[in-house]
Structures are given as C-alpha cells and as structure tokens.
Amino acid sequence: MESEDPAAPFEGPEKLLEIWFSPPHTTSSNPRGGLRAIDSSIWEEMLDIVKCKVLNRIEGEEIDAYLLSESSLFISAHRLILKTCGTTLNLLGLPRILEIAASAGLSTVYRCFYSRKSFMFPERQSGPHRDWKHEVEFLDNIFNNGAAYIVGKMNGDHWLLYMTTPKSVEYRGSDPAPSPSVHLNGCTPETVPDYTIEILMSDLSQEARQPFFADLSDSTSPLEHARDLSDSLGITGIFPLERTRLDAYSFSPCGYSSNALISWSHQISDRLVSGEGYYTIHVTPEDGWSYASFECNVPLHLHQSPGEVSDLHTLVRRVVSIFQPGRLSLTLFISSEENEATTSGGESAPTGGKKYRRTDKINYEFGGYDLAFASFEAC
C-alpha cells in the first residue's frame, strides 16, 4: 500500500462503502449499463476526493474491478463498492458518487452499507473518520433512515456497521422518486442471495509476511511480480482457476492488493443459479501492524453442492492458511433467505496450520439480513 509517510505506521483495516441504486422503471437488463456506462475518468475524479488513485482495471461480464493505491473499487450496473485503507477519506466521496449516479439516471438509493473494523491508529484519521460518531453523523446528514451498530467487544476487536433500509430511497437534497422493485443482474433479491464474507487478520506470522516485501527496482513490473506471488502462495487457486480472473499488484517496498472476478453457481432449492462475484485481498506486512483482509461476495453454502465453486469452510481454511494470523475476525453478512451459514458458520474455529480458540461470537438479525461475527486468537 502507498503511504504518505513511509516511516509512519500504516492503517490496514479498511473503510467499506456499498451503495445499491434502484434502476429506473424503463431500465434495460444490460449488465454494461447504469454505473458501468460512466467513463472511468469520472470515477478517477471522485477518487481524487477520497485521496487514492487507480492502478489497474479489469472488466467482467457484470462487474468492473479497479485496483486502487489504497484497496479497491467495484462497479456493477446498479451497485458500487468502495473499499479504502490508510488515511483515505472514503465517506467524502459519497456525495460525489450520488451526483455521478444521478447523472446516469440513478437518483434513488435503494440501500447503503458502511462498515469497518476498529482502527489500529485512530488518531491518524482525518475528516469524519476521526471517530465513529462523526462517521454516523455524516451519513445521517445524507440518508433519512439509517441505523448504526457496534458489533463485538469495545475493548477488543470489534466491527462497526451503518446501514439504511429499503425505505431510505432518496438522499436529502434530491427530488422524491418512487422506489421500483430492485433487480440485480436481472434477478430479484429473492432469487439471488446477497452474501458478503470478510476475514480480517492481524499479527501475521513472519513466514506469511515475508513474501510481501518486494524490491521492484529491476525490470519486474508490480503486476508481474504480484501475479507470480499469487501463484506461489496459492491465492490464484482460492477458487477454481477456470472460474477466476485475477488482477494483482505488488507495492515497493512492501504490500499487496488483488481483485478477482469469479464466475459462480449457487444451488437454490432445486435450481442452480449463476452469476459473477468478486474477492479482494489487501496485505500490510510490516511487523507491529501487520494486517491482511479478504472479502468475497460469492454465495457459498457450509458444504459444497454439485456445480458450486466452493464452500464456506474450505474458503476460510484456504485463506487463513496463507496468512497465518495471530488474531482474526470473521463477518458473514447475508440476506435472510440464505441464512444457513450465519446460524452455524461461526461455531468452528478456522484451521490451516495454527490452532485457534474463539474469543467472541455474536449473531444479529436486521431487516432482511443476518450477520454472524466471530473473533479468534491463535492458541
């Protein structure tokens, strides 16, 4: 990751903003329309406000994935996900995002989510990110029906979440607009599960940290180095290779980011539904504040079914074995119709070389969503 002061500690835990827009009544099912039709230079101008820049971009069937100097940006036809680390000003980009979306005919916000892990170095943040209270106030000034939550131990690892309900369909200052039924990739939320898993890892082992230090002064490009590193560490193979399109970047003198687009299939009742999802990995390997994050929205069952790309237990085991953290938090946020994993997914400790004991487990039920949060420490 790029840092303004190379001698200062780097804040690995990211700020995660996700916005769903209601498509107009006259919308087509074109997966390359909506937000994806907006020129990339417009998004780069928005990212200037956030204080990060685009390093690379790949286009999928349903998602455009941008590697950033501080994490990632994912854009679908009617959904945007902005994940930024360090001292970036993530929320300051929100008003501009809403303006850009409105210019594309997407003036109605269906849902908004903002979340982050507790900061390691909160005193280094600026703007509304200095304090959770200020972040909530900033969001409340934009949305009229949001709710804020703190999940986990206040004197330990905890997770912060702000979310609006589908009733919060218009941001203040906009003209009222009706809220049509929302379709994602041509399907209703009832047929396509909304699913996000985050594995937030701290105190990485020395063995796991060392490969992410790189001297890129020779002819090897950051993209080539990261591609080879991803292959050697097993990152490329987290999901089946034939289903994965990976874009990765190595930072000098240290750090790593990757986005992957995944073609997935998911068993719902007696039907196999398919689509495109993503995972993203970001690594800060320095001793004293080492951190790695894994986020994925590919829907998974606890146990793999025929035709599916993986299962929850296998995914967690593969990720944890790569980074060998001393501490980790796992969040599973899933639409209520697909709640098998949230009821039991946090019961067993992750494996992959180390043994872990669970230090916290919390289940939440929100309007239309279930959340499972669990923290673990190496034994």
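Residues 24 or more positions apart account for 69% of the contacts in the chain with a separation of 6 or more, a contact being heavy atoms within 4.5 Å. The model is predicted, so local features are given only at pLDDT of at least 70 and side-chain atom pairs only at pLDDT 80 or more, while totals for chains, interfaces and linings use all residues. Residues are numbered from 1 along each chain as its sequence is written, and side-chain values use heavy atoms, without hydrogens and water.

The chain averages a pLDDT of 86, and 84% of the residues score at least 70. This score is the predictor's confidence in each residue, from 0 to 100. Over residues 168-190 the pLDDT is below 50. Beyond near neighbours in sequence, that stretch has 43 contacts in the model. Where pLDDT is low, the predicted coordinates should not be read in detail.

The chain holds seven helices and 16 strands. These are DSSP runs, numbered from the N terminus: H or I over at least four residues for helices, E over at least two for strands. Of the 379 residues, 56% are buried. Buried means under 20% relative accessible area, exposed over 50%, and partly exposed in between (1.4 Å probe, protein chains only). The accessible surface of the chain is about 15100 Å², with 47% belonging to carbon and sulfur atoms; areas come from the Shrake-Rupley method with a 1.4 Å probe, and for residues only the protein chains shown count as cover.

The largest nonpolar core has 42 residues. Such a core is a set of buried Ala, Val, Leu, Ile, Met, Phe, Trp, Tyr and Cys residues joined through side-chain atoms within 4.5 Å. Ile 197, Ile 199, Ile 238, Tyr 279, Phe 294 and Phe 323 have the most contacts inside it. Elements giving two or more residues to this core include β9 (195-204), α5 (222-233), β11 (256-268) and β12 (271-284). Helix α6 (312-323) gives the most, with seven residues. Ile 199 touches Val 316, Val 319 and Val 320, among others, not counting residues up to four places away in sequence. A second, separate core of 34 residues includes Cys 52, Leu 80, Leu 91 and Leu 98.

In α6, the buried residues include Leu 312, Leu 315, Val 316, Val 319 and Phe 323. The twelve residues of α6 should span 16 Å, and the end C-alpha atoms are 17 Å apart, which agrees. The expected span is 1.5 Å times one less than the number of residues. Asp 311 caps the N-terminal end, with a side-chain oxygen 3.2 Å from the backbone nitrogen of His 313. Gln 324 follows α6 and has a positive phi, near 45°.

Other backbone features lie elsewhere. A cis peptide bond joins Ser 252 and Pro 253, with omega about 10°. Pro 253 lies in the loop between β10 (244-250) and β11. Ser 71, in strand β4, has a positive phi near 90°. Ser 71 is buried, at 0% relative accessible area. Asp 203, in strand β9, has a positive phi of about 55°. Asp 203 is partly exposed, at 39%.

Lys 117 lies in strand β6 (residues 109-117). Lys 117 is buried, at 5% relative accessibility. A polar contact of 3.2 Å joins the side chains of Lys 117 and Asp 157. A polar contact is a pair of N or O atoms within 3.5 Å; within protein, one must be able to donate a hydrogen and the other to accept it, and residues adjacent in sequence count only if both atoms are side-chain atoms.
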